Amino acid sequence: MTNKVFIRNAHAILTGKSGVDARSKASDIRIEQGVITEMGNDLTPQGGERVLDARDCVIYPGWVNTHHHLFQTLLKGVPNGINQTLSPWLQSVPYLYRHSFNEERLRLAARIGMIELMLSGCTTIADHHYIYTPGMSYDPSAVLFEEAEALGVRFMLLRGGATVTRKLETNASNQAQPETLDGMLADVERTAARFHQNGPRPRTRVAMAPTTATVSVQADDLKYIARIARGMGIPMHTHMSESVSYMEYCREKFGCLPIEFLAEHEWLGPDVSLAHLTHLTDTEMQILGKSGTGMAHCPQSNARLADGIANAPMLEKLGAQVTLGVDGAASNEAADMLSEVHFCWLVHRAKAGAATRPRPDGAGEAGADSVTAEQVVRWATANGAKMLGFEGVGTLEVGQAADLAVYDLDAPRYFGLHDMAIGPVASGGRPRLKWLLADGAIVVEDDAIPGLDMAALRAEARADVLRLIRDV
C-alpha cells in the first residue's frame, strides 16, 4: 500500500479550526507517511502517489468520539429500558446484561461499534469501558485495543471500573463484584505501560476513569486516585451530572453539589474530562470554566434518557473544553458521529429559542445562531483530539495527521444545497463516504471497509442478540 496520497478537486474543506480558519481555501491535499504535507489549489500529482478525485465532495477532519460504551452495541432498543430514565434504565439494560459479556461477545460488540463509527467518518474513538471484575479470564482492555488496531483507527481506553457496589446494583440479578483499589490501580498501570502513547500523532492512549467518581469509588480514595493518575502522566475521565439524581445524591451524602465535590477531591483541570454535565448550577459552570475541565457532550443520549440538554455553548464561553461523544448505543440506538453532530446543531438552537420571550417583556425571536455548523465540527474534531491528548490530530492543515473523511453529497437529501460545505451537519442523514483516511491509510473506500463481509457481520450480530435475549 502506498504511503503517498494526493486528494484533489474537493468542493470544500472544513478544517476543524475556528473563525476565518474554519474553512480552507484549498481544494487539494498532499499526504505522505500519514501526515499532511501540502494543501493548495491546482497542485500537480507526483510520482508514487495514489490520486483520489474528490470532485463535488466535501472533506472534514475525522471525527473524534470522546465518550462511548462499545459493549452496548449489542443492546440497542432493549424493550424494558426504551422508555426509562437513567437510573431504572441502568438496571434494566447495562447492569442486567453485562454479566453475559465474555471475550467473544465483547469483541463482536466492539467491532460492530467501531465499524458503525468509521462509516460515519470517525477516526478516533475513546471508549469508557467499565466491565472489570477480580479474576477475569481475559483482558477487556487488550481486546478493545486489538479490535481498533485491526480496523486501523486511533483508540483511547477510558479505563472504568468500581471499588464499591452502588445501591442501583444491589439486586442479585445485576450485582457485580467490585475490584479492590489496589487491583484497579495496578491494572491501569499495566495497561498504560503497554498502550499509552505521548508525543505527535499517538495511535493509542489510556485514561484513569472510575465509572462515576461520586459513587464508584470511596470518596476518601479520590484524591489518591487523581495523584496516581497524574503521577503516571495519564488523564482522567468519569461520568458526571448526567441527571438530577447526581445533585440529589451529592447534597444528601456530601452536603455539596457534584462539581464542588470534584473540586474538593482534585478531580478538575485540563487533564480531566467529564461526560454529560447535563445538570449544573451557574456556580458549577463557573468552576468548570475556570479550571479548564473538559466536557464530553452526548446530546442524543441525554435526550433519549430524558436527562435534558447540557449547556455546552455557555460552558465553552466560560473556558471549558467542549467535545462530542455518542455515549453507549444502548441509550442512543444509532451511535454514529454524523447523527450526533446533526442533532447537536439543532438541539442548542431549540433550547435557545425555547428560552425566548415575546416583546415587550422579552427580546422576541432569537437563538438561531447559538451554535454554528463550523463550531460543532470543531467540537467533534479539534477540541476532542486536544482534550484526549492526541497531539497533532483533529485539524486539517500542513503538519497534522492525515485523518479525514471525504463525503460525496450525491443523494437527493443534499440536492439544492447552496452551501455544500455544511451538508453533513445541517442536512443530516449519512452522505456516501467516498474515502476515510486514518493516519494516511485508506480504511473506508466507496462506503465500505475493504475486506469486510457486512452480510456475515449482520448475521453474526443477529444470532448473538437472540442468544442474549434467551440467556437474560
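The model is predicted, so local features need pLDDT of at least 70 and side-chain atom pairs count only at pLDDT 80 or more, while totals for chains, interfaces and linings use all residues. Residues are numbered from 1 along each chain as its sequence is written, and side-chain values use heavy atoms, with hydrogens and water left out.

Select residues 103–118, helix α3, together with residues 140–151, helix α4; helices here are DSSP runs of H or I of at least four residues, and strands are E runs of at least two, numbered from the N terminus. Their axes, lines fitted to C-alpha atoms over the stretch in contact, with angles from 0 to 180 degrees between N-to-C directions, come within 9 Å and cross at roughly 40°. That makes α3 oblique to α4, since angles under 35 degrees count as roughly parallel, over 145 as roughly antiparallel, 65 to 115 as roughly perpendicular and the rest as oblique.

Next, show the side chains in the contact (heavy atoms within 4.5 Å), among them Leu106, Ala110 and Met114 of α3 and Val143, Leu144 and Leu151 of α4.

Now move to residues 244–254, helix α7, where Tyr246, Met247 and Cys250 are buried, whereas Glu248, Glu252 and Lys253 on the other side are exposed (buried is under 20% relative accessible area, exposed over 50%, partly exposed in between, with a 1.4 Å probe and protein chains only). Finish at Gly255, which follows α7 and has a positive phi near 70°.
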